[in-house]
Amino acid sequence: MNKLNIHNFWRSNIFIILLFAIVSVISGLLMYRSHFIEITFDIGFHWQRIYEIHDSITHGYFPTMISENYFSKSGSAVMSMYPQFNLLPMVILTFIFKSLINLYNVSFIIIVFFDLLISYFSSLGYNKNKRISFIFSISYVVNTRLLFYYCGVAYSIGTVTSISFLPFVLFGFLSLLDKNKWVELSFGLSAILLSHVISFGASIMLVFILFIVNIHEFKDRKKIFALFKSAITTLMLTSIFWIPFVLISIKNNLNIPRIDYIAGDSSSTIFSILDNKVTSSITLIALIGLILCIVYYRRLNPKLRQLFWTSIAFIIISSSLFPWHIAGSTFLIHLQFPYRLNIIPQLLLCYLFAEIFYLIIREQKNSFVIIALVSLATLCLQMDAQKETVGNFSNRPESVGQNIGGFYTVARSDKEFRNIINMKASSTDYYPQSSLNSVNNIIDSVAVYDKGNKLPVDSMGNGKFSFKISKNISKLTLPFLYYNGIDYQVKLDGNTVKGYSNKNSMMTIDNVDKGEHFVQIIVHKTKAEMISYVFFFIGLVILLSEAFNVLLKKIKLNKGK
């Protein structure tokens, strides 16, 4: 093959996509071959959310604002208080894969593949340089960072998804500055808010900082209007999450997740980075990017210098250098773990690494070989970390018996993992505060009637209960949470009856005769939900229309050439 053909082959997007597919498989190969699932923090929580949506679809209805089949079938509003957009691809895969263990491990490979595509094409759309974009996508995605959030310490599917869409935010804002384009920024911010609230906060911090340092460029009315359109479209697209979220938050006194103490990364994490450990800090390639920025600082253009100093700011804020002992007494306590902010410097430093590395090698005759070798080295680093992660869990006890659902155990069969998903949840996140003294009744499926008498009921899921009583009772409180702002309909033996909240925010009905009974609690869409759907579709039409117009302009421009 001659030199021209080699370069044409390199320039081909099809070749790069195929290469990304191979890299993705290798990035998850050892995990797949291990044939077990690492039981880390929150894995059961998120998979219950996934199967809540799955079961709703299976039973033929649209997912509601509450959980009716998991989380102890409690009617918890956890499905409204955490975004669900990022779970939908996983839900689709549950209908394709029969094996949960294969689904879990293949999902990681799929995530890596789409992350590579997103980071590559979002970068390419901004800088028009395939080599920089390729280096960036490999360094940003193929590393220990995804391993940390997927199976290292916790199963943080929201953060994993946010990492996927962050390049849209970065290159979307840079494109807005340079070309008044706003679609990528709006899409990126919307996708992140519909995935993970805290990551959205970090993304807004990034956009705000870049806006402030470039505020002189917003003297242009077209640029201001583009930013305005991006903000309004983002609000509309994300209304399907934030409107129900705000509605329930305002109308109920909720038990919000809290921690007592918050601390940033210590200076010792530098050694973990150098050892290529799966940690909460930035990765080795990002650290190299930081060093290259210092060495080649004078050769950086103003935009790249902004990204450098922004990454430094985020690293300091997420570290123990920041006074978290003071900030932890404010609303910032809800951040819980400052290392979550490291997704921003990881993004910026990997892009800076790609830009500077290309600057160094672009005049080299064998630059293609150098890029290939660096990419291979990056992949080897990821495989080494992947091997260590699998090795750390391979000798862990199985999640059975007393260990079921225990952190840092492993599930080696679909049955074991299914048992974890079906566990009755002890978490009371976003329960009404007044319901906390009824938690045991919810977990044990126990109703309470009249003056505190207890009655075991069969919690059948989908808001259905069956029970038998030996006498007439005047008041029956079911093991099901009641939230103000949600439209409930209660049926007793097929007839609609009044359902209301007792002092403990539990669903209560009156006047139940002795005998066998069947109760069904139905959740209807509220006016606020319907409005959120209208806003979402309007936002979607605006976004797609603008994207289509941009595409048409590109086609006309190419024809003109």
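This is a predicted model: local features need pLDDT of at least 70, side-chain atom pairs count only at pLDDT 80 or more; totals for chains, interfaces and linings use all residues.
Local features were considered at pLDDT of at least 70 and side-chain atom pairs only at pLDDT 80 or more, whereas totals for chains, interfaces and linings use all residues. Residues are numbered from 1 along each chain as its sequence is written, and side-chain values use heavy atoms, with hydrogens and water left out.

In helix α13 (residues 239-251), the 13 residues should span 18 Å at 1.5 Å a residue, and the end C-alpha atoms, 18 Å apart, agree.

Burial was assigned from relative accessible area, with buried meaning under 20%, exposed over 50% and partly exposed in between (1.4 Å probe, protein chains only). By this criterion the buried residues of α16 are Lys 303, Leu 304, Gln 306, Leu 307, Phe 308, Thr 310, Ser 311, Ile 312 and Phe 314. The elements that cover them include α9 (157-179), α11 (197-213), α15 (284-295) and α18 (343-361). In α13, the residues Ser 239, Phe 241, Ile 243, Pro 244, Leu 247 and Ile 248 are buried. At the start of α16, a side-chain oxygen of Asn 301 reaches to within 3.1 Å of the backbone nitrogen of Lys 303.

A search of the whole structure finds 4 salt bridges, a salt bridge being a side-chain nitrogen of Lys or Arg within 4 Å of a carboxyl oxygen of Asp or Glu. In one of them, Glu 217 is paired with Lys 303, with 3.2 Å between the closest N and O atoms. This pair links distant parts of the chain, since Glu 217 lies in the loop between α11 and α12 (221-237) and Lys 303 in helix α16, 86 residues apart. Lys 303 counts as buried, at 18% relative accessibility. A salt bridge also joins the side chains of Glu 363 and Arg 362, at 4.0 Å from N to O; here Glu 363 is exposed, with a relative accessible area of 67%, and Arg 362 counts as partly exposed at 44%. In the salt bridge between Lys 525 and Glu 529, the closest N and O atoms are 3.8 Å apart. Lys 525 is partly exposed, with a relative accessible area of 28%, while Glu 529 counts as buried at 5%.

Turning to the strands, two of them are said to pair if DSSP finds at least two bridges between them. An open sheet is formed by 5 strands in the order β4-β3-β7-β11-β10, with antiparallel pairing. Its edge strands, each pairing on one side only, are β4 (453-456) and β10 (500-501). Within this sheet, 4 bridges join β3 to β4 in the antiparallel sense, and Tyr 449 stands opposite Asn 453 in β4.

Strand β8 (residues 487-492) has a covered face made up of Tyr 488, Val 490 and Leu 492, and an uncovered one of Asp 487, Gln 489 and Lys 491. β8 pairs in the antiparallel sense with strand β12 (residues 515-524) over 6 bridges and with strand β9 (residues 495-497) over 3 bridges. Val 490 has a bridge partner in each of these strands, namely Ile 521 in β12 and Val 497 in β9. The hairpin of β8 and β9 has 2 residues between the strands, and Asp 493 takes a positive phi near 55 degrees there.

Ser 445 is found in the loop between α21 (439-443) and β3 (446-449) and counts as buried at 9% relative accessibility. Neighbours within four places in sequence aside, Ser 445 is in contact with Lys 424, Leu 455, Pro 456, Val 457, Ser 459 and Pro 479, where contact means heavy atoms within 4.5 Å.

Key. A polar contact is a pair of N or O atoms within 3.5 Å; within protein, one must be able to donate a hydrogen and the other to accept it, and residues adjacent in sequence count only if both atoms are side-chain atoms. The expected span of a helix is 1.5 Å times one less than its number of residues.
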